[in-house]
Amino acid sequence: MQCPYCGREMEEGLIQSPQELSWLPGKKRPLLGRAQFHDGAVVLSELSMLKGSAVLAFLCRDCEKVVIDCAGGLSDFNRK
Ligand SMILES: [Zn+2]
């Protein structure tokens with residue numbers, strides 16, 4: 001993937017968590033972070049009780065940006 005900021009090639013990797021990984025709207029950090037409790041939330045990786053959650057992510061070290069393509073859940077390591 002090309003960095004959308006500088007155009008250089010990005011490094012492929014992953015972001016993982018023992019919890020569900022989701023994007024939540026707004027700037028407040030809620031007590032309950034799960035997507036099901038928030039309108040407009042986007043699940044990045046469903047939780048697996050055995051493996052936790054993980055999503056494919058691309059890093060640009062020059063710009064210090066991380067990009068996650070969340071279209072269709074294709075980046076979710078736990079996608080069924
Ligand atoms: Zn960049």
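Mentor: Start at Leu32, in the loop between strands β2 (21–23) and β3 (42–45). Strands here are DSSP E runs of at least two residues, and helices are H or I runs of at least four, numbered from the N terminus. One caution: this is a predicted model, where local features need pLDDT of at least 70, side-chain atom pairs count only at pLDDT 80 or more, and totals for chains, interfaces and linings use all residues. Residues are numbered from 1 along each chain as its sequence is written, and side-chain values use heavy atoms, without hydrogens or water.

Trainee: Is Leu32 buried or exposed?

Mentor: Leu32 has a relative accessible area of 53%, so it counts as exposed. The cut-offs: buried is under 20%, exposed is over 50%, partly exposed is in between, with a 1.4 Å probe and protein chains only.

Trainee: Which residues make the nonpolar surface patch?

Mentor: Leu31, Leu32 and Phe37 make a patch of about 390 Å². Patch members have over 30% relative accessible area and no salt bridge; nonpolar side chains are joined within 5 Å, like charges within 9 Å.

Trainee: New topic. What coordinates the zinc ion?

Mentor: Four cysteine SG atoms, from Cys3, Cys6, Cys60 and Cys63, at 2.3 to 2.4 Å. A donor is an N, O or S atom within 2.8 Å of the metal, or 3.2 Å for Na, K and Ca. The spacing along the sequence is C-x2-C-x53-C-x2-C. That joins distant parts of the chain: Cys3 sits in the segment before β1 (11–17), Cys60 in strand β4 (residues 53–60), 57 residues apart.

Trainee: Are Cys3 and Cys60 buried or exposed?

Mentor: Cys3 is buried, and Cys60 is buried too.

Trainee: Why is the arrangement tetrahedral?

Mentor: Because the four donor atoms subtend angles of 105 to 115° around the zinc ion. For four donors, the tetrahedral label needs all angles between 85 and 135 degrees. The ideal for four tetrahedral donors is 109.5 degrees.

Trainee: Now charges. How many salt bridges does the structure hold?

Mentor: Two. Each needs a Lys or Arg side-chain nitrogen within 4 Å of an Asp or Glu carboxyl oxygen. Arg8 pairs with Asp62 at 3.2 Å, N to O. The partners are 54 residues apart: Arg8 in the segment before β1, Asp62 in the loop between β4 and β5. Arg8 is partly exposed at 47%, while Asp62 is exposed at 54%.

Trainee: Which residue does Glu11 bridge to?

Mentor: Arg61, with the closest N and O atoms 2.4 Å apart. Glu11 is in strand β1, and Arg61 is in the loop between β4 and β5, 50 residues away. Glu11 is partly exposed at 38%. Arg61 is exposed at 57%.

Trainee: What about phi of Glu64?

Mentor: Phi of Glu64 is near 55°, a positive value in a residue that is not glycine. Most residues other than glycine have a negative phi. Glu64 belongs to the loop between β4 and β5. At 69% relative accessibility, Glu64 is exposed.

Trainee: Last one. Where is Val42?

Mentor: In strand β3. Val42 is partly exposed at 30% relative accessibility. Leu21 is 21 residues from Val42 in sequence, and their C-alpha atoms are 8.9 Å apart.

Key:
Four donors count as tetrahedral if all angles lie between 85 and 135 degrees; four count as square planar and six as octahedral if opposite donors are over 155 degrees apart and all others between 65 and 115; anything else is irregular. Accessible areas come from the Shrake-Rupley method with a 1.4 Å probe; for residues, only the protein chains shown count as cover.
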